2 protein chains.
Amino acid sequence: MPVQSKPHSPSTVALQNLLQPVELHLEALRTFLNGQVEEFEEEIREHVAYCLKHSGKRIRPMLLFYGGWKGEGIINPAHVKAAAVVELVHLATLVHDDILDDAHIRHKSPTLSRLAGPEVAVLVGDALFAHALNLAADFPTTEVCKTVALATRRVCAGEIAQNFQKGNTELSRALYYRIIDYKTAELFRVSSLLGALLADYPAAFVEAAGGFGRHLGIAYQIFDDLTDILGKEENAGKTLGTDAANCKLTLPLMLLAEKFDAPERAAFVQSLRDGQVSGESLRERFEKEHIAEAVAAAFDHEIFLANRCLEPYGALPPVHRLLEISHFVAQMVNHLKH
Amino acid sequence: MPVQSKPHSPSTVALQNLLQPVELHLEALRTFLNGQVEEFEEEIREHVAYCLKHSGKRIRPMLLFYGGWKGEGIINPAHVKAAAVVELVHLATLVHDDILDDAHIRHKSPTLSRLAGPEVAVLVGDALFAHALNLAADFPTTEVCKTVALATRRVCAGEIAQNFQKGNTELSRALYYRIIDYKTAELFRVSSLLGALLADYPAAFVEAAGGFGRHLGIAYQIFDDLTDILGKEENAGKTLGTDAANCKLTLPLMLLAEKFDAPERAAFVQSLRDGQVSGESLRERFEKEHIAEAVAAAFDHEIFLANRCLEPYGALPPVHRLLEISHFVAQMVNHLKH
């Protein structure tokens, strides 16, 4: 058997399989978003186009399209617009996050904050968010506006809570979950919920789809927090190690800190704060204490909770599709562990 | 005649007269806004309360209440809510502005950016804006949401354009007006427009009220730009001289720069940039070149345009009230000149 010159990793293949049924939806979204650049005032356009060009995996739009799945080849324009709303809000929060974290790289490119300065990044983030709400106001009722505005406020609250906890050596798991529930899971929840809602699925399923998205989002953030320590920058496409450097006690760091007694824990956090813990030494401690396995267990639990939300609705078309997403996300953590 | 121990300036008396008819409206707004603090996630509440406590003159809510004026003592709850929306958007932009300008004082108190750090200020600004849109989505139709979201995008575009022009020695007046039209006049426009709209006044008047607010807003920003150079910090209640220090070519600075030939102009902007122009020397040059008078003429022209928008509608109850506002604003610039 000939050796392939560029072998595809199993995760790349799985992602392609996952994306294939919504390829046309995502293409429609790309076209729609590119068309939106013209809607921005001329001073902003270049920056908006840059952010759109260097945006990520479109996991939230995918959740939205699958949450409202009706069958192969059916593209609902309301879904495309709602996906644009969610993606623009997500982009806005990334642009602002990168200012706060002083991150240099995102989606394999310089962050806007790095490229154009934090002043411009504050304003472009605001404009992206404003335009998202502007689009949300195009729907016949105020429901999309309301849902998205509320979600955004929660995302901010999550970010602020995380900011407050920097360097807190006794962060509780409850607070960690509250933070990631707001800062990440909320937009996942809204994505799958809006998909189902705009496809006119029954209210109970709309809620269930939201619950699925929420637990998937929590799992996704746990994965992201583990990537920050164990991942490789060339795969992640962004600056890693920022959580430890910024003294953000994420679940992996918290699980490690729990292995110490209180004074050791304080010393550990102090050494994080002083920048005296290298990524390498952190990875060694993780291996020694089996932290990745403990994180994976917490992650698996959220995937389980996500899937359970859908159990009563197996007969509806979106369920099979949504389960494919959670299956894909579930695999991601395994690639990181090994 | 006995000398008063604490004489009131004519402008204080005029402001009191102006506010008196909407005192109850503004009280209802204060109560409503204070009630909103509880709606924010607990991590944000303290900061939101701080921003609300140290907010300003409520000129936008006043415009909104007068734009929808029906008669003494009539308080429309839709007006109170819309005023809260506009005021929260305004607060959000102030919180973000103060990060960009590195301003220390606003409304006679430390800015949030100074007090809690720029990271928190970015997020609290986002949350204030998100909550504004959340409230806007409470109206029966999406019109308020749409208007406010669009306005916010324009405010951001104006700020970005201004940011781009820092240190541009050949800024055109057309661009200056475009910048302040977006960054300031837009929210003035939306305030008076929403007032009239929510009071069910005829569409033509709703537009006219918007036009009035817009020109008044341009005048107000011209006044503000002059205050930055000629004002006294104890009266203004904020850090002054930041425009020159940040190389923002405002109308007053532009009019002064126009007195120079191109090389002198470049040298002037360079010396601004190097922080070598003291407020005192700037004020001396202003006096010598009669800049304040030239600025006042541009200001007066906008007041004229504002009032002219209302001319066909003299019979409607809001017109008399709105003209009182423009009359008051018109006086402000005189106090500064002398």
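Predicted model: local features only at pLDDT ≥ 70, side-chain atom pairs only at ≥ 80, totals over all residues.
Reader: What rotation superposes chain A on chain B?
Author: A rotation of 180 degrees, with 0.0 Å of shift along its axis, superposes chain A on chain B with an RMSD of 0.0 Å. The two copies are thus related as by a two-fold rotation axis.

Reader: Which residue of chain A comes closest to the rotation axis?
Author: That residue is Thr142(A), whose C-alpha lies 2.7 Å from the axis. The same surface serves both copies, since 100% of the contact residues of chain A recur in chain B. Contact means heavy atoms within 4.5 Å.

Reader: Turning to helix 3 of chain B, how many residues does it have?
Author: Helix 3 of chain B (residues 42–53) has 12 residues. From its first C-alpha to its last it reaches 17 Å, close to the 16 Å expected at 1.5 Å a residue. The expected span is 1.5 Å times one less than the number of residues. Helices (H or I, at least four residues) are DSSP runs, numbered from the N terminus.

Reader: Which of its residues are buried?
Author: The buried residues of helix 3 of chain B are Glu43(B), Ile44(B), His47(B), Val48(B), Cys51(B) and Leu52(B). Buried means under 20% relative accessible area, exposed over 50%, and partly exposed in between (1.4 Å probe, protein chains only).

Reader: Why are they said to line one face of the helix?
Author: Seen down the axis of helix 3 of chain B, the buried residues fall within an arc of 140 degrees, so they line one face. The arc is that of the directions from the helix axis to the C-beta atoms. The face turned away from this buried side carries the exposed residues Glu42(B), Glu46(B) and Lys53(B).

Reader: What do the buried residues of that helix pack against?
Author: In chain A, they pack against helix 8 (143–164) and helix 9 (173–198). In chain B, they pack against helix 2 (23–36), helix 5 (77–100), helix 6 (112–116) and helix 7 (118–136).

Reader: Now the core: which residues touch the most other members of the largest one?
Author: Leu128(A) and Leu128(B) do so, in a nonpolar core of 238 residues. Such a core is a set of buried Ala, Val, Leu, Ile, Met, Phe, Trp, Tyr and Cys residues joined through side-chain atoms within 4.5 Å. Leaving aside neighbours within four places in sequence, the contacts of Leu128(A) include Phe40(A), Val48(A) and Cys51(A).

Reader: Where is Thr184(B), and what does it touch?
Author: Thr184(B) is in helix 9 (residues 173–198) of chain B. Thr184(B) is buried, at 6% relative accessible area. Beyond its neighbours within four places in sequence, Thr184(B) is in contact with Gly217(B) and Gln221(B).

Reader: Is Gln221(B) buried or exposed?
Author: Gln221(B) counts as buried, at 6% relative accessibility, and lies in helix 10 (residues 203–230) of chain B. Leaving aside neighbours within four places in sequence, its contacts are Tyr176(B), Ile180(B), Lys183(B) and Thr184(B).

Reader: How many aromatic pairs does the structure hold?
Author: Over all chains, there are 15 aromatic pairs. One of them joins Phe260(A) and Phe268(A), edge-to-face at 5.3 Å centre to centre with 65 degrees between the planes. Rings of Phe, Tyr and Trp (its six-membered ring) pair if their centres lie within 6.5 Å; planes under 30 degrees apart count as stacked, over 60 as edge-to-face and the rest as tilted.

Reader: Are Phe260(A) and Phe268(A) buried or exposed?
Author: Phe260(A) is buried at 16% relative accessible area, and Phe268(A) is buried at 2%.

Reader: Last, where is Asp200(A)?
Author: Asp200(A) is in the loop between helix 9 and helix 10 (203–230) of chain A, and is exposed at 68% relative accessible area. Its phi is near 60 degrees, a positive value in a residue other than glycine. Most residues other than glycine have a negative phi.

How values were computed. Residues numbered from 1 in each chain as written. Chains lettered and ligands numbered in written order. Heavy atoms only, no water. Helix = DSSP H or I, 4+ residues; strand = E, 2+ residues; numbered from the N terminus. Least-squares fit on C-alpha atoms with pLDDT ≥ 70 in both.
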